[in-house]
Amino acid sequence: MSTFSRLIRFLGKDGRTYYGDAILSGPGVTDLARATQAHVIKGDIFGKYEISDQIADVRLLLAPLAREDVKTVRCLGLNYEQHAKESRMPLPKYPILFYKPVTSLTGPFEDIPVPSRAQDVEGLDYECELVAIIGKEARDVPESKALDYVLGYAVGNDVSHREWQLKRGGGQWALGKGFDGCM
């Protein structure tokens, strides 16, 4: 089975939604937002699939995974020293684990809705994040085998409302980071 190198999910010019392996325009081009075509991936991207010879025209890039394909969005907070310093928070002994609901996922060109309850005070913030997409169930995996479980990587826009994250949410990070469209 061949593997993809640039997984995208996109709306084709024919109106259908596809998973595909992006075709970039030339050497040195790495920006997937510039992809105008992709080889259609047929099958289950988490299981058996093939990269077909069928080429589809890209009308719009979508979130890398469909919401129905995402079981859990797990996040780490304050997982590097510089971010803890700039946030004026102590570096925790262990990174902070929190979850985002699947409804927080959004595509690269979609508006990010800000709920009215988050508009009444200051605190909206954003961070660029590296997203590791885990492609199969994993439990007690040794570090030497960890990359065998990674399907791919994406860039995430982690939108937070600090007031709701740190004060109004009672310290529960998921509330201030889990609004719809915030990833």
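A: Begin with the polar contact: a pair of N or O atoms within 3.5 Å, where one must be able to donate a hydrogen and the other to accept it. In this predicted model, the backbone nitrogen of Arg6 lies 2.9 Å from a polar atom of the Asp21 side chain.

Q: Where is Asp21 found, and which residues is Asp21 in contact with, leaving aside its neighbours within four places in sequence?

A: Asp21 belongs to strand 2, residues 17-23. Beyond those sequence neighbours, its contacts include Phe4, Ser5, Arg6, Leu7 and Ile51.

Q: What is the nearest side chain of opposite charge to Asp21, and how far away is it?

A: A salt bridge needs a side-chain nitrogen of Lys or Arg within 4 Å of a carboxyl oxygen of Asp or Glu. For Asp21 the nearest oppositely charged side chain is Arg6, 5.0 Å away, and Asp21 is buried without a salt bridge.

Q: Why does Ala154 count as buried?

A: Buried means under 20% relative accessible area. Ala154 counts as buried because its relative accessibility is 15%. Ala154 sits in strand 8, residues 150-161.

Q: How is a nonpolar core read?

A: In soluble globular proteins, nonpolar side chains tend to be buried together. Here the largest nonpolar core has 17 residues, and Phe4, Leu7 and Leu151 are among those with the most contacts inside it. Strand 4 (49-61), strand 5 (73-77) and strand 8 each supply at least two residues of this core. Another core, of 11 residues, lies apart from it and includes Phe10, Tyr18, Ala35 and Leu61.

Conventions: Residues are numbered from 1 along each chain as its sequence is written. This is a predicted model: local features need pLDDT of at least 70, side-chain atom pairs count only at pLDDT 80 or more; totals for chains, interfaces and linings use all residues. Side-chain values use heavy atoms; hydrogens and water are left out. Helices (H or I, at least four residues) and strands (E, at least two) are DSSP runs, numbered from the N terminus. Buried means under 20% relative accessible area, exposed over 50%, partly exposed in between (1.4 Å probe, protein chains only). Lys and Arg count as positive and Asp and Glu as negative; His and the chain ends are not counted. Contact means heavy atoms within 4.5 Å. A nonpolar core is a set of buried Ala, Val, Leu, Ile, Met, Phe, Trp, Tyr and Cys residues joined through side-chain atoms within 4.5 Å.
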